[in-house]
Amino acid sequence: MGMGFHEMKKLLKRSGVHSPTLMEEQRWLVRQVRMAAVKIPSGTIVECGTMNGNTVILMANCLKTVKENRPKRDIASEIISIDNYSDQRKHDTLSSFDENVAMVKEFGFDDVLTLIEGDDIEFLGSLDDHSVSLLWVDSCQSETHVYQTLQVGLPKMMRNSLVCGHDYIFGNMGVPYALDDFYKDKSEYITSPHVYLRNWWFMVREVE
Ligand SMILES: C[S@@+](CC[C@H](N)C(=O)[O-])C[C@H]1O[C@@H](n2cnc3c(N)ncnc32)[C@H](O)[C@@H]1O
């Protein structure tokens, strides 16, 4: 059974699952999940970088709630989150794949959320073209990795779908360099001056 955002957040905290991602950022993302979930035809929502599952559990809670509230619509959207569990710098917050799988089961979200252990770019490459309704890029911040994520990920996006990513300003600068390199025309993606979203970049994939 899906819960409210704050209730879920408290439950995660009590379970010891914390995240450096701000609550306001997560709430914004959850709103995007709500919109992506009801797209017709249904698509796949992808998170690159599961870490300890904190954000994706909130996303799954949202999708579950949307599905429960619209049983007649038979919403087929699903969430897939992928991590290669390699980030040694984040060893204090990175859970193992097995721990994350157990948490998803415990919360009862395994019908809406699938976790994958592996490289996100390889995974994106395996998806059907025009099948992703929301892509949230939050894994390796290197310029090459982000550039390749866009290269491989964009053809997978549905019409009018959202691609967004983290660590635009608080990071090693790989993210903005990759975006500026990929989009020679810088107006193709946007950032936000809003205090809670200034570390993000976004783009709407208007055409397939
Ligand atoms: C910033 S954390 C993700 C935070 C998470 N999305 C959240 O909101 O709490 C980045 C994660 O990306 C993972 N990662 C790094 N390189 C990766 C790759 N090539 N493929 C998949 N995951 C990767 C790391 O293991 C790490 O857990």
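This is a predicted model: local features need pLDDT of at least 70, side-chain atom pairs count only at pLDDT 80 or more; totals for chains, interfaces and linings use all residues.
Strands (E, at least two residues) and helices (H or I, at least four) are DSSP runs, numbered from the N terminus.

Residue numbers start from 1 along each chain as its sequence is written.

So what order do the seven strands take in the open sheet? Reading across, you get 3-2-1-4-5-7-6, with mixed pairing. Strand 3 (113-117) and strand 6 (190-191) are the edges; each has a single partner strand, so one side of each has no neighbour in the sheet.

Now the helices on that sheet. Helix 2, residues 23-37, packs on it and touches strand 1, strand 4 (132-137) and strand 5 (157-165). Contact means C-beta atoms, placed from the backbone, within 7 Å. The direction of helix 2 makes about 165° with that of strand 4. Those angles run from 0 to 180 degrees between N-to-C directions, and the axes are lines fitted to C-alpha atoms, for helices over the stretch in contact. Helix 3, residues 54-69, lies across strands 1, 2 and 3, and runs at about 170° to strand 2.

Helix 2 and helix 3 also pack on each other, at about 35°, with axes 9 Å apart. On the helix 2 side the contact uses Q26, L29, V30, V33, R34 and A37, and on the helix 3 side T55, L58, M59, C62, L63 and V66. By class that's nine nonpolar, two polar and one charged. For the record, Ala, Val, Leu, Ile, Met, Phe, Trp, Tyr, Cys and Pro count as nonpolar, Asp, Glu, Lys and Arg as charged, and the others, Gly among them, as polar.

Helix 3 has another partner: helix 1, residues 5-14, whose axis comes within 10 Å of that of helix 3 and crosses at roughly 145°. Here F5, M8 and L12 of helix 1 meet N54, I57, L58 and N61 of helix 3. That contact has five nonpolar, two polar and no charged residues.

On to the ligand. Which residues are closest to it? Those are G49, T55, D87, S139 and C140, out of 20 surrounding residues. The shell splits into five nonpolar, eight polar and seven charged.

The I40 to P41 peptide bond is cis, omega near -5°, and P41 sits in the loop between helix 2 and strand 1. M51 has a positive phi of about 55° although it's not a glycine; that one is in the loop between strand 1 and helix 3.

Last, the whole chain: seven helices and seven strands. The radius of gyration, taken over C-alpha atoms, is 16 Å, close to the 17 Å that the globule rule gives for 208 residues, so the chain is as compact as a globular protein of that length. That rule is 2.2 Å times the number of residues to the power 0.38. The C-alpha atoms fill a box of roughly 45 × 40 × 35 Å along the principal axes.

Key
Two strands pair if DSSP finds at least two bridges between them. Two residues are in contact if their C-beta atoms, placed from the backbone, lie within 7 Å. A residue is near a molecule or strand if its C-beta atom, placed from the backbone, lies within 6 Å of it.
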